[in-house]
There are 2 protein chains.
Amino acid sequence: MNLTLKDIAQALEISTSTVSKALKNYKDVSPTTKKKVLDYAERIGFKPNAQAAFLRTQKTKLIGVILPKIEHDLYCEVLKGILNKMSQTDYKLILLCSENSFEIEKKHIRELLQLNVDGIFISIALETNRFDHLKEVQKSNTILVLFDHYVKIIATNRVLIEDRKASFLATEHLIQQGCQKIGCFRGELISQTSIDRFMGYKDALEYYKIPFQKELILICNEETIAEGKRNMIEILEKKLEIDGLVTVTDLIALGAMDVLKQRRVKIPEEIAVVGFGNWKFTSLISPSLSTIDQNGFLMGEKVFELFEKSQEDTLLNELPNTEILPFQLVVRGSSCRKK
Amino acid sequence: MNLTLKDIAQALEISTSTVSKALKNYKDVSPTTKKKVLDYAERIGFKPNAQAAFLRTQKTKLIGVILPKIEHDLYCEVLKGILNKMSQTDYKLILLCSENSFEIEKKHIRELLQLNVDGIFISIALETNRFDHLKEVQKSNTILVLFDHYVKIIATNRVLIEDRKASFLATEHLIQQGCQKIGCFRGELISQTSIDRFMGYKDALEYYKIPFQKELILICNEETIAEGKRNMIEILEKKLEIDGLVTVTDLIALGAMDVLKQRRVKIPEEIAVVGFGNWKFTSLISPSLSTIDQNGFLMGEKVFELFEKSQEDTLLNELPNTEILPFQLVVRGSSCRKK
DNA sequence: CTGAAAGCGCTTACAG
DNA sequence: CTGAAAGCGCTTACAG
C-alpha cells in the first residue's frame, strides 16, 4: 500500500541502502545521489515506516504521559507545555489517565513499557504508596520524569514547585490579614505533595507563633468540591471557630465557600479563604478566590526538556535532575480584608 | 534487553512458531504446550514487542486524536470518554492539538499517517475550510471519525449533536422569557458548527415571527472571553437595543456578561443570556449561566464505538455512520425571569 | 561513494 | 500438533 525504500530504490535504480542513507543525510552519499533521492521522495510523498525503523533503532519516539485526572487545569496546562515542546521534535504523546487509582496506574505503566515508549511522564495517583512499578520503568531504561505529585524515595527526574514554601506563603498571607485561627483542609496522608503543603501551613503557624490546633486540620480524601463542602459543614457543626482557611486545592476551597455562602458567613470578613492551583474558575466566582498560581505550561515544557537532557545524561551516567519552578501567591477577594 | 519469543522457545525447547501460536491462542496447539508456554511467559513477565507485531499485521493499535484546543471542557470530556472505552482494549491514544490552525492540523494529520495509526479522531480547526488532508486520511485506509466540529462534504463517520436544533431551543427559551430583540454572537463564517448554531437562531425567530435584524448579529473570530467583551461593547456603543443574547459558546457569554455587569446592566431582567456548551464555570458564576449541555463523555465513547464498528464495516464496504447525540437546555439565573 | 547482507521480533502460510 | 522459512520495512556494519 504505502511506498517503501525499495520502491524508491527501484524507481531510481539504486540500492535501498543508499536510499536510506540519502534520506538520513549520511555523509558517505554523493550530493548528486542525495538530491535525486530527496527530490523523488518529496515528489511521491514518501513516509518512512516508523515501526520498521524502531525495530532497528529501538527508539519508538513515543512518550507516555499518565495524569491522575484529565479535567484538571494544571494538567491541561502541563499537557499543552509538553505538546508545545514536542511539536518541534518527532516525538508523539500517548495519553493515559490513572483516575488517581494505584491499580490503573500500574496497568498503564505496564502497557507503556510493552509499547517500548522512550519515556514516561507521570504525576502519580493520590492512592499510590508503593513504587515498584516506577522502579520497573527505571530498570527497563525508560526515562522517567515525575511532575506535580512526586515521590521522595525514587531517584528520578522531577519537575516540582516548592509546595511547602507556597503553602507557607498562603498561610502567612492569611495571618497578615489578621487571621489567628486558621483551618486547614489538607489532602490525604500519603501523597508527598499533600504532606508538603500541610508542612508549609505548620511552618507558617510556628514562624508567627500561632498555636497549632489539631482539630482545625481536616482531611480531604478526594480533591473535589464535595469534600470541601463536607469538611466545612463539619467545621460549622462542631462549632470550631476559624477566621481563615487554607485548602490543598481550589476545588476544596470552592466547596467550602459554597457552604459558607449558603450559611451567610461573610468571606473574607468572617472567614478568609486561600486555595491552591489557580484554577480558571477562581477569578470568576464571587468573591474571587485567592490562590497559589503554578505555571503548568512551563512545568510541561520543563518536563520535556528534562527528558531530552536525560537522554544525553544516561550516556554520561549523570544523576537525575530535579527542576524547581516558581509559583506565585495571587491575592483576590476571598482573602483581602484591607484595601 | 527484553525477552523475546526466541528466549521462550529456547527455554522450553520448542520452536518460536509454536510459542507465538500458543500465546495467541491458536487452536492448532496442544493444550499441554499452550499451558506450558502461557505459564512460562507469565512467570518471566513476557511483553511481546508491539512494533514487531505491527510490521507483520499492519495494525499499530494506535489512534490519533486531534483537538482544536486542550483547555476546553467539552474536549476534556470527549478525551475521557474515548480513554474510558479504550481502556478495555489494547489501543492507545496519541494526543495532538491544532490550536485551531489549519496548517498545524495538516501537519498533525501527516505525522499520524506516517505513524500508521489505525484511526484518526478529529474535531477540525475553526480555520479549516479545505479538506484535502481529510481525504488523504480516507485514501490511506485509516479510519476517520469526526466529532463536534464537522464537515458536511466529507462522507465519513461523525458524532454530532444537532447544533441547529439546540440553538433553536436556546433562542426559543429567550423568546418564552419575553425577549423580542435577541442579539446573536455567532462564530465565524466557515465552521459548519457555527453555521448550524446561527441557523437555529434564525429558525427560532422565524418560527415565532420575530423580525430578523442583521445588525444584532455579531461575529466572534475566536471562542474567547475577549471576543465576547469586544462584541458586547460594540452593542452598547452602537446603542443597539437588545433584551436577550445567544452566543456560540459559553466563553463568549462570559465575556459579554462581564461587560454588562460592569455597566450595571441587569441580567436577566434587562438582558437575558444563554451560552452554549455547559462549561463547568457556568454554574459557578453569578448569575449562573443558562446554556446547552452536550454530553462530551458520551460523545467520546460513541467516537470510539464508531471506530470499532467502522473496522468491521470497511470489510463489508458499508457506508460511514453519523451518530446524533442528545443535548439539553440548562436554564439558570442568566435567563430565568419568571419564578 | 555504493550495495549486498544481516537482523530487529514478530506472524503465518505451508510442509510434514 | 509442530517447526522451518519467508517476510513486514527499515538501518547499518562491512566489503568493495
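Student: How do the residues of the surface near DNA strand D divide by class?
Tutor: Ala, Val, Leu, Ile, Met, Phe, Trp, Tyr, Cys and Pro count as nonpolar, Asp, Glu, Lys and Arg as charged, and the others, Gly among them, as polar. Here there are nine nonpolar, eleven polar and five charged residues. This is a predicted model, where local features need pLDDT of at least 70, side-chain atom pairs count only at pLDDT 80 or more, and totals for chains, interfaces and linings use all residues. Residues are numbered from 1 along each chain as its sequence is written, while chains are lettered from A and ligands numbered from 1 in the order in which they are written.

Student: Which element gives the most to that surface near DNA strand D?
Tutor: Helices (H or I, at least four residues) and strands (E, at least two) are DSSP runs, numbered from the N terminus. H4(A) gives the most, with five residues.

Student: Which residues of H2(B) are buried?
Tutor: Buried means 20 or more other C-beta atoms within 10 Å of the residue's own, again placed from the backbone. In H2(B) these are B:Thr18, B:Val19 and B:Ala22. They fall within an arc of 100° seen down the helix axis, so they line one face of H2(B); the arc is that of the directions from the axis to the C-beta atoms.

Student: How many residues of chain B are in contact with chain A?
Tutor: Contact means C-beta atoms, placed from the backbone, within 7 Å. By that rule, 28 residues of chain B touch 28 of chain A.

Technical notes: A residue is buried if 20 or more other C-beta atoms lie within 10 Å of its own, exposed if 12 or fewer, and partly exposed in between; C-beta atoms are placed from the backbone. Two residues are in contact if their C-beta atoms, placed from the backbone, lie within 7 Å.
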